[in-house]
Amino acid sequence: MAVSFSFTETEQQCMAGIVCDVISARLRNEAVQPPHPEDYPPALQKHLGCFVTLTIMGNLRGCIGSIVGREPLVTCVWNMAQAAAFRDPRFIPLRASEWPLTEAEITVLDELSLCPDPGRIEIGRHGLVLQYGGRSGVFLPQVPVEQGWNLEQYLSNLCRKAGLPDGTWQRPGARLFWYEGFKFQAKKQS
């Protein structure tokens, strides 16, 4: 993907460590302190959005993120890891017995921009955000690939996710944004 940033293996390991450490500590009921951005490489201090996705045996177990970078990336990763594990409203909080089976993935997002032409959307490259009438829906770039959707299905499901009728993305006043992301596995340290 042609995102405007990349991360070294060391930087990816730093973010993975944040995810695994904060979830592990919370599962042990230990107090957790947020990371100090100044202790991390400059790339991890940038204000970028991110999502943390948790799965167990390929099934979604939690996914929460921030589309827009309002805080340093290390802080966003720390916050989204906890939200995905313990505050995703679709699931009960992660249990300690599930943690050994849980896989974590981090997707760091590039900046949003208005999609100039929906025909230019590339499945697997572009994530989408739809806003209309006070509602919004978002999909990460990997979602249509994982679901086997073509472009029409991608846009239809985006409308549905926003709680809007099919085709809403074409209505006057609808705003369709696209972005790219950098995705990697947050491997647990042995």
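This report describes the sheet, the nonpolar cores and selected local features of a predicted model.

## Basis of the description

Because the model is predicted, local features need pLDDT of at least 70 and side-chain atom pairs count only at pLDDT 80 or more, whereas totals for chains, interfaces and linings use all residues. Residues are numbered from 1 along each chain as its sequence is written, and side-chain values use heavy atoms, with hydrogens and water left out.

## The sheet and the helices across it

Four strands form an open sheet in the order S2-S1-S3-S8 with antiparallel pairing, where strands are DSSP runs (E, at least two residues) and helices are runs of H or I with at least four residues, numbered from the N terminus; two strands pair if DSSP finds at least two bridges between them. Strand S2 (59-66) and S8 are the edge strands, each pairing on one side only, and neighbouring strands are turned by 15° against each other on average, direction ignored. S1 and S3 are joined in the antiparallel sense over eight bridges, and threonine 55 has glutamate 103 in S3 as its bridge partner.

H1 lies across S1, S3 and S8 and runs at about 130° to S3, while H2 lies across S1, S2 and S3 at about 35° to S1. For these angles, axes are lines fitted to C-alpha atoms, for helices over the stretch in contact, and angles run from 0 to 180 degrees between N-to-C directions; contact means heavy atoms within 4.5 Å.

## Nonpolar cores

The largest nonpolar core has 36 residues, and those with the most contacts inside it are Phe7, Met15, Val19, Ile23, Leu73 and Val108. Such a core is a set of buried Ala, Val, Leu, Ile, Met, Phe, Trp, Tyr and Cys residues joined through side-chain atoms within 4.5 Å, buried meaning under 20% relative accessible area (1.4 Å probe, protein chains only). A second, separate core of 25 residues includes Ile67, Leu109, Phe177 and Trp178.

Glutamine 12, in helix H1 (residues 9-27), is buried with a relative accessible area of 15%; leaving aside residues up to four places away in sequence, glutamine 12 touches Phe7, Phe182 and Phe184.

## Helix H4

Within helix H4 (residues 151-161), Tyr154, Leu155, Ser156, Asn157, Leu158 and Cys159 are buried, and their cover includes strand S5 (127-132), strand S6 (135-139), helix H3 (143-147) and strand S7 (175-179). Just after H4, glycine 163 takes a positive phi of about 75°.

Notes: Buried means under 20% relative accessible area, exposed over 50%, partly exposed in between (1.4 Å probe, protein chains only).
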